[in-house]
Amino acid sequence: MSGATRTNGSSRFRGVVDLAGVQTDRGATIYVYEAPVRVWHWVNALCVAVLIVTGYLIGAPPPSVTGEASAHFQFGYIRFAHFAAGQVLTVFFMMRIYWAFMGNRHARQIFYLPFWSATWWKGVWWEAKWYLFLTAEPKKYVAHNPLAHIAMFFTVTLGNIGMIITGFALYSEDAGRDSWQARLFGWVFTLFPNSQDVRTLHHLGLWVIVTFTILHIYAAVREEIMSRQTMIATMISGERQFRDDRDD
Amino acid sequence: MAQATETFYEVIRRQGITRRSFTRFCSLTAASLGLAPAAAPRIAHALETKPRLPIIWMHGLECTCCSESFIRSAHPLAKDVVLSMISLDYDDTLMAAAGHQAEAILDDIRTKYKGGYVLAVEGNPPLNEDGMYCIDGGKPFVEKLKAMAADSLAVVAWGSCASWGCVQAAKPNPTQAVPIDRVIRDKPVIKVPGCPPIAEVMTGVISYITTFGRLPELDRQGRPKMFYSQRIHDKCYRRASFDAGQFVEEWDDEGARKGYCLYKMGCRGPTTYNACSTVRWNDGVSFPIQSGHGCIGCSEQGFWDNGPFYDRLSNVRQFGIEANADRVGGVVAGVVAAGVVAHAAVTAVTRLTKKR
Ligand code: HEM
Ligand code: HEM
Ligand code: SF4
């Protein structure tokens, strides 16, 4: 990664240059997140927000409405919003998987952990120290830092897969035994014959994703301010800009 | 002992049942199995011509609630016929014979109808101490069960005991009671779960096998599709208030009086496959939800171990104390959120002190 910075920045004539000879120390920008990755990220975040709220309400419904049952469809709409957001999330997640094959190297990052790489483990260690205030500075990363990478792999990549599988299995109970949902996801009930357990797992998944979201948004804001590179702006424009050109 | 050549029709006529009642039974059977009216004559024809299927009803570790349910079937004819047929063969709680005489009948049927009788099992075998926790006729029940299953055509697992294990298999399961399909591996096992199963479902399953001479279509869990492919929730008459968002919040509130949905009281209807909300109980009089109590999911696997009957979701036991999903998740998310706030504070302080 420093290599990338060096090739772009080794020339003296770089950065934002003006005729007065003032030169910023702002480093190069690298195009990291391609449009499909960014679009997926924000659509996914939106769907997750809807799913968290509606999912929680499905588990703990709001106070009863009054009047005749025929005059209301409140819980029905809550469930409808959940199912709609769930299916949008699924379609975009499939697109994201497709893009892992078609896109650049960084599009593949969240789908595996390079646990065989010593450099990666050093990064994990370094980032842990950074978050524990044991080192003055983080490293620079073109794509995700290793701790974020671990969190994304387990709670978003595996998490989304788990929520999609259990979600569609639960959906198949409504759609019926002959539905395509039942044909595709019915095997979940071979694993867990009592659908109460599937519901409980799906419900626990809510808290896994809530926990990730808290940490993720905090880290994104914190690193936007504290790190040596842009963060949230990168997920919007796709460009990563480094704030210094030091090698380490 | 029944003769091999006797037909079902001959048996019931011998029991004093009229031809008219017989045709009614055929239409009722067709209806309860969800078949077209045209199926009734075919059922009648089969019953008049085919030799009837012998049925053996064995009891392991159980409470006899399945038998109690069965003898209260709303189709008296079905019950009488099937019962008298079963008592002709073997059911140790119902038949006249006892002791050595009864054991002799078992051996007799096993050799005479080898591969041609239906074995209905109520209760289940405990495996601990070589099966000593359930001795039947001087032998561990598990041995008798294996022997009788080996020569049967098919096995019917009555109730949640035989199907899933039920209360005697609930944690910590000191006798190591297991569902019968754990010891019967080489025969089709038809699971008819429920604690007890609905009488009409039981007679329906038996009538189907005896009239058609084949097994009903089973779902993934081995339950007959015609009775177990929908949840209580799918046909619940309180479903309208579920969709509207009208719930009983406390047992004696206004909503309870108005008959609102029992979801918030822990109704397990949304995760329970059974026919209670369509067939109902005691001649269609009522079922738990109609009586104002949520479904406890008695036909589902492990329902005793899945937390309080007033909780829809299973307990999470991995944390030492029993806690529900929201409490565990809420605590984790809360601790993390507090950690984030503390982390942000430390970050701000170190940054400010460094700036100085
Ligand atoms: C981040 C993703 C998701 C979260 C946080 C989430 C959360 C939840 C929660 C908390 C419940 C309530 C469970 C209960 O207490 O009974 C629920 C129910 C449900 N969810 Fe999700 N869910 C997610 C994704 C999905 C997806 C992708 C689908 C698929 C379409 C889905 C379908 C369902 C269904 C069918 C139910 C049961 C609703 C009912 O029968 O009333 N969910 N979800
Ligand atoms: C306001 C809310 C959010 C903000 C500001 C935000 C910000 C960011 C940023 C800045 C990145 C890039 C991190 C890096 O370059 O290392 C990122 C990546 C990511 N975020 Fe978020 N995020 C938000 C919500 C969410 C939510 C709700 C989820 C899912 C539950 C999520 C899942 C992800 C994932 C999986 C990635 C990696 C993307 C990839 O490599 O494909 N984000 N987010
Ligand atoms: S009472 Fe139970 S089964 Fe009936 S609609 Fe409500 S949750 Fe579903």
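## Before you start

Because the model is predicted, local features need pLDDT of at least 70 and side-chain atom pairs count only at pLDDT 80 or more, while totals for chains, interfaces and linings use all residues. Residues are numbered from 1 along each chain as its sequence is written, chains are lettered from A and ligands numbered from 1 in the order in which they are written, and side-chain values use heavy atoms, with hydrogens and water left out.

## Ligand 1: the iron

Let's start with the metal. A:His82 and A:His202 each use NE2 to coordinate the iron atom of ligand 1, at 2.0 Å. (Donors are N, O and S atoms within 2.8 Å of the metal, or 3.2 Å for Na, K and Ca; water is not among the atoms, so sites may look incomplete.) A:His82 belongs to helix H3 of chain A and A:His202 to helix H8 of chain A, so the two tie together parts 120 residues apart in sequence. Helices here are DSSP runs of H or I with at least four residues, numbered from the N terminus.

The arrangement is octahedral because the 6 donor atoms subtend angles of 86 to 180 degrees.

Ligand 1 sits in the largest cavity. A cavity is a set of points, on a 1 Å grid over the protein atoms alone, where a 1.4 Å probe fits but cannot get out; sitting in it takes more than half of the molecule's atoms within 2 Å of its grid points. H2, helix H3 (74–102), helix H5 (146–175) and H8 of chain A each give two or more residues to the shell, and H5(A) gives the most, with 6 residues.

In total, 22 residues surround ligand 1, each with a heavy atom within 4 Å of it. They come from chains A and B, so the site is shared between chains. Polar contacts (pairs of N or O atoms within 3.5 Å) include an oxygen atom of ligand 1 lying 2.7 Å from a polar side-chain atom of A:Arg79. From chain B, a side-chain N or O atom of B:Arg312 is 2.9 Å from an oxygen atom of the ligand.

## Ligand 2: the iron

Now for the other iron. Its protein donors are A:His41 and A:His216, both through NE2 and lying 1.9 Å from the iron atom of ligand 2. A:His41 is in helix H2 (residues 35–59) and A:His216 in helix H8 (residues 195–226) of chain A, 175 residues apart.

How accessible is A:His41? It counts as buried, at 17% relative accessibility. A:His216, at 26%, counts as partly exposed, the class between buried and exposed (over 50%).

Ligand 2 sits in the largest pocket, a pocket being an open set of grid points with protein on both sides within 12 Å along at least five of seven lines. Of the elements around ligand 2, H2(A) gives the most to the shell, with 7 residues.

The 23 residues surrounding ligand 2 include A:Tyr33 and A:Arg96, which are among the closest. A polar side-chain atom of A:His144 lies 2.5 Å from an oxygen atom of the ligand.

Methods: Buried means under 20% relative accessible area, exposed over 50%, partly exposed in between (1.4 Å probe, protein chains only). A polar contact is a pair of N or O atoms within 3.5 Å; within protein, one must be able to donate a hydrogen and the other to accept it, and residues adjacent in sequence count only if both atoms are side-chain atoms. On a 1 Å grid over the protein atoms alone, a cavity is a set of points where a 1.4 Å probe fits but cannot get out, and a pocket is an open set with protein on both sides within 12 Å along at least five of seven lines; lining residues have an atom within 4 Å of a point. Four donors count as tetrahedral if all angles lie between 85 and 135 degrees; four count as square planar and six as octahedral if opposite donors are over 155 degrees apart and all others between 65 and 115; anything else is irregular.
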